[in-house]
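I opened my notebook to look around a new protein, one feature at a time. Come along and check each entry against the picture.

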Amino acid sequence: MAAGIDRADLIHAAQTGDAAAIAGLLAVCQADARRYAWRHCQASDVDDAVQESLLVISRKVRGLKAAAAFSSWLFTVIRRECLKLQRAMFRHDPLDDDTAERQLASRADGALRIDLTHALESLPAHYLEVVLLRDFEELTIAEIAERLGEPAGAVKSRLHRARTLVREYLLGADATMPPP
């Protein structure tokens, strides 16, 4: 109970602009922020989302109307930052299909298999699931949608995004290799 009172006191003091209270509040809520971000962000974006969220919190805590709303506000800010980082990840310049095919075709089969394995392992679970169901179990989109209990359009979209991520991973791995 004392921890709850301390946190409420920190929130009230932070709302008045007390720099020490803001720093204390950020330190207290950092663990909760990391746990929440871990569930809602890509693994590589967790630290960025937490840092950006805590920065937003420190700047805007004065505008918080009720101290009791702090936790839900914190999680809303984190979720928003996770979505922002996810959208930024999908912004890219499309590659020329012929160039991409030539890059991938020039690789040895063994190296390509290893890179493909790593690419699939790097996918978030919800993307990996649709790729495995479609490309390895050879289910139709309708069968996947039925199995997952989701609309066919959502499955198609997820499959497209998953394949795009795998392609980018493979082409990125090729860019890090020395030229032949």
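My entries below go from the overall fold to the core, the salt bridges and the surface.

**Ground rules**

I noted that this is a predicted model, where local features need pLDDT of at least 70, side-chain atom pairs count only at pLDDT 80 or more, and totals for chains, interfaces and linings use all residues. Residues are numbered from 1 along each chain as its sequence is written, and side-chain values use heavy atoms, with hydrogens and water left out.

**Entry 1: the fold**

I looked up the secondary structure and found nine helices and zero strands. Along the sequence the pattern reads α-α-α-α-α-α-α-α-α. Helices here are DSSP runs of H or I with at least four residues, strands are runs of E with at least two, and both are numbered from the N terminus.

**Entry 2: the inside**

How much of the protein is buried? I found that buried residues make up 32% of the 180 residues. Buried means under 20% relative accessible area, exposed means over 50%, and partly exposed is in between (1.4 Å probe, protein chains only).

Next I looked for the largest nonpolar core, and it has 26 residues. Those with the most contacts inside it are Ala37, Ile57, Phe70, Trp73 and Ile78. Helix H1 (2-15), helix H2 (19-40), H3 and H4 each supply at least two residues of this core. H2 gives the most, with eight residues. My note on the term: a nonpolar core is a set of buried Ala, Val, Leu, Ile, Met, Phe, Trp, Tyr and Cys residues joined through side-chain atoms within 4.5 Å. In soluble globular proteins, nonpolar side chains tend to be buried together.

**Entry 3: salt bridges**

I searched the whole structure and got seven salt bridges. Each is a side-chain nitrogen of Lys or Arg within 4 Å of a carboxyl oxygen of Asp or Glu.

- Asp32 pairs with Arg35, and their closest N and O atoms are 2.3 Å apart. The two are three residues apart in helix H2, which means about one helical turn separates them. Asp32 is partly exposed at 23%, and Arg35 is partly exposed at 46%. I also saw that Arg7, Asp32 and Arg35 are linked in a network of salt bridges.
- Asp135 pairs with Arg163, with the closest N and O atoms 2.5 Å apart. Asp135 lies in helix H7 (residues 125-136) and Arg163 in helix H9 (residues 152-176), so this pair ties together parts that are 28 residues apart in sequence. Asp135 is partly exposed at 35%, and so is Arg163 at 40%.
- Glu150 pairs with Arg158, with 2.7 Å between the closest N and O atoms. Glu150 is partly exposed at 26%, whereas Arg158 is buried at 16%.

**Entry 4: the surface**

Which residues form a positive surface patch? I wrote down Arg59, Lys60, Arg79 and Arg80. Helix H3 (46-60) and helix H4 (70-90) each supply at least two residues of the patch, and Arg80 sits in H4. Patch residues have over 30% relative accessible area and no salt bridge; like charges are joined within 9 Å, and nonpolar side chains (Val, Leu, Ile, Met, Phe, Trp, Tyr) within 5 Å. Lys and Arg count as positive.

Last, I checked Arg62, which is in the loop between H3 and H4. Is Arg62 buried or exposed? Arg62 counts as exposed because its relative accessibility is 57%. The C-alpha atoms of Arg62 and Ile11 are separated by 9.2 Å, though the two residues are 51 apart along the chain.

Note on methods: Areas by Shrake-Rupley, 256 points an atom, 1.4 Å probe, with all protein chains shown as cover. Charge placed at Lys NZ, Arg CZ, Asp CG, Glu CD.
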